[in-house]
Amino acid sequence: MNETNLLEIRGATKLYGGVAAVTDISFNVQRGEILGLIGPNGAGKTTLVNMISGTAVPTRGTIKFKDEVLNGKKPHIIGKMGIARTFQVVKPFQNLTVLENVAVGAMFGKGGVKRSSAQAFKRGEEVLQFVHLENYRHDLSESLSIAGRKRLELAKGLAMDPEILLLDEVMAGLRGTEVDEAMDLIRAIHNYGITLLVIEHVMKVIVGVCQRVVVLDYGKKIAEGTPAEVTSEPAVIQAYLGKRYVANQAQGLTQEQSPLE
Amino acid sequence: MSLNLVFMLLGIALTVLASQRNRPRLSMVGIGLLGLLLLLTPFISNNRDIMTNVFIIGLASVGWNVIGGFTGYASFGQVAFWGLGAYAAVVTSSVPNAAQATFGLPIWVGFIMAALVPALAALVIGWPVLRLRGHYFAIATLGVAIAVREIFKNVDCIGNQLLCLGGSSGLQIQPIVKAADREANSFLRYFVILAMFAGSVVFCWYLTRSKFGYGLFAIRENEEAAGVLGINTTWFKIGAFCLAAAFTGLAGAWRAMVNGSIYPTEDSIFDTNISLYVIIICLLGGVGTVWGPFIGAFTYSAIQEFLGALQGVPGFGWVLNWTNVIFGAIVILLVVFLPKGILQIVRNKGGFTWRIFLRNVRENSI
């Protein structure tokens, strides 16, 4: 078994009809790192996450988790193996309370087999404390704000006790201070020993937390490297960041907004 | 006003008390008084079979609540399992004679089969049908119910007289007790059905606190998210469908026992209305709640009883022909103003105000 690579993606391709959403993408996610995944809208980032989590099946190529091929495995099997994800368009269980939402993750995730329903609720309380949602635990999840719902998505994934957590734009729609809080949360999760794959448009987050970055454009990988390497790559500037981002960086301005806005 | 109507109204009030989850003491008082009421009813009531019927249709509704309420898959074909359960019990337990080759096993074996056979059928039917969602699932289950009825109409004997279903001439149930014991029989029946109905509610209470129950809720709320969280959605749905079939099948077996004969027709054990009644009862009480079918069964029967009694009042004879219209109107009003059932009034945090009704209209209109 390859000790450093938790997730190996080899030539992953996804066709919808004749249209390629993702073409021949290969990269590894190393155990214990925070890997950023960036690219313009429609670049295939979410499709890639769907293929890893089993909600979409790759047309070609293989995806391996700890040397085990994931292709064709059902989402619930992949979830139990230790892969958790969030959804870009959040999917809370609206008529359940915040605590119940998280407890469901604790019941059926990797750590869920050994847990009783009561133990799962206890674990849910812990996770809610960790993401600072404990004051809302008995509220219905539909009553949460956008920031709250994003946090709830994170909490549900965390409660599964995953080895890797795939975050699909958990910062989208958050305000400045909320982004800072969420970045602290990502670092805290990482300190907890969980590997992270972070999809994000907010470059401040990518530069701030990621050790490595993979850049997609039109379903293809166009760059891979440290945030500094990637942001100076001409192809990436051309396709995604734009000249203004680079100019602002040169002037030492902080780039709060995503390159697309 | 008939005595049974008083019992039903009291039953609604006490069940509402019993369902007060956040006030355990009030809830215990409610459960205690409700138990007392239901234990005393057969001794006071002049027609205890009417109350028995409340429990039978209530038990079938508990079944629908598991698949439709907890899991969010609205089955429109519960009558298939109702009929299957009835046939399973009769074929197993009815005493054989020259006219029919039944097995004549003890009645309790019949009831085990009445739960088991529909559950197995649900396993086979659910595998393909539960891949559909929403309207498509509803239509498919509707089709299943029609198909099952036609099968029973056309199949007489399977495998050289091994298993005979009687075809279109149906099956008769040999009386288990002599005519002289009819009174005792009716008492016994009342209490056994009550025990099953109450037991099914206790089972659902336990279910809503179990991992399996939370898995079903998650599927109802968002199936894709449920799968990603590690829930085997296929098997959870099939499990819920089997449970629903088992409860409805048991209820169907009781209906057969009370009626004394079954025919594979719409005016007998394959009455399509049953599929609708179980849904209406859950809607009346509160879809997806533990006590919903209990409250719904009382409410449904109380409305029927009230309309029945109204016909006897001078000047209200016309109600006889309008019963179903009035009932339909009540259901429409309910779905519009109280889509979460009677329990919604008492579960409302701000207490009862008329605003609840308006809010529901606003929230549910597109």
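Helices (H or I, at least four residues) and strands (E, at least two) are DSSP runs, numbered from the N terminus. With that in hand, welcome to a short tour of a predicted model, in which local features need pLDDT of at least 70, side-chain atom pairs count only at pLDDT 80 or more, and totals for chains, interfaces and linings use all residues. Residues are numbered from 1 along each chain as its sequence is written, chains are lettered from A and ligands numbered from 1 in the order in which they are written, and side-chain values use heavy atoms, with hydrogens and water left out.

**Where chain B meets chain A**

- The contact (heavy atoms within 4.5 Å) draws on 20 residues from chain B and 26 residues from chain A.
- Together the two chains bury about 2,000 Å², with 66% of it on carbon and sulfur atoms; buried area here is the accessible area (1.4 Å probe) that two parts lose on being put together, summed over both.
- On the chain B side, 37% of the area buried against chain A comes from B:Lys211, B:Tyr214 and B:Leu229, more than from any other three residues.
- The rule finds 1 salt bridge across this interface, a salt bridge being a side-chain nitrogen of Lys or Arg within 4 Å of a carboxyl oxygen of Asp or Glu.
- A:Lys91 and B:Glu224 form a salt bridge, and their closest N and O atoms are 3.5 Å apart.
- Helices α8 (211–221) and α9 (223–228) of chain B each supply at least two residues of the side that touches chain A, and α8(B) gives the most, with 7 residues.
- By class, that side of chain B has 9 nonpolar, 6 polar and 5 charged residues. Ala, Val, Leu, Ile, Met, Phe, Trp, Tyr, Cys and Pro count as nonpolar, Asp, Glu, Lys and Arg as charged, and the others, Gly among them, as polar.

**Inside chain B**

- Helix α2 (residues 24–44) of chain B has 21 residues and should span 30 Å at 1.5 Å a residue, which agrees with the 30 Å between its end C-alpha atoms. The expected span is 1.5 Å times one less than the number of residues.
- The buried residues of α2(B) are B:Ser27, B:Gly30, B:Leu34, B:Leu37, B:Leu38, B:Thr41 and B:Pro42; buried means under 20% relative accessible area, exposed over 50%, and partly exposed in between (1.4 Å probe, protein chains only).
- B:Leu84 sits in helix α4 (residues 78–93) of chain B and is buried, at a relative accessible area of 13%.
- Leaving aside residues up to four places away in sequence, B:Leu84 touches B:Val117, B:Pro118, B:Ala121, B:Val148, B:Phe152 and B:Phe270.
- B:Leu84 and B:Leu250 are 166 residues apart in sequence, yet 9.4 Å apart in space, C-alpha to C-alpha.
- B:Thr299, in helix α12 (residues 292–312) of chain B, counts as buried at 9% relative accessibility. B:Thr299 touches B:Ile12, B:Leu284 and B:Ile342, not counting residues up to four places away in sequence.

**Salt bridges within chain A**

- Over all chains, the structure holds 25 salt bridges.
- One of them joins A:Arg115 to A:Asp161, with the closest N and O atoms 2.7 Å apart. A:Arg115 lies in the loop between α3 (98–108) and α4 (117–130) of chain A and A:Asp161 in the loop between α5 (146–159) and β7 (164–168), so the pair ties together parts that are 46 residues apart in sequence.
- A:Arg115 is buried, at 15% relative accessible area, while A:Asp161 is partly exposed, at 23%.
- A:Arg212 and A:Glu224 meet in another salt bridge (2.6 Å, N to O). This pair links strand β9 (residues 212–217) with strand β10 (residues 220–225) of chain A, the two residues being 12 apart.
- A:Glu224 also meets A:Lys221 in a salt bridge (2.6 Å, N to O), and A:Lys221 is partly exposed at 32% relative accessibility.

**Positive phi in chain A**

- Most residues other than glycine have a negative phi.
- A:His132 has a positive phi of about 60° although it is not a glycine; A:His132 is in the loop between α4 and α5 of chain A and is exposed, with a relative accessible area of 56%.
- A:Glu169 has a positive phi near 50°. A:Glu169 lies in the loop between β7 and α6 (176–191) of chain A and is buried, at 6% relative accessible area.
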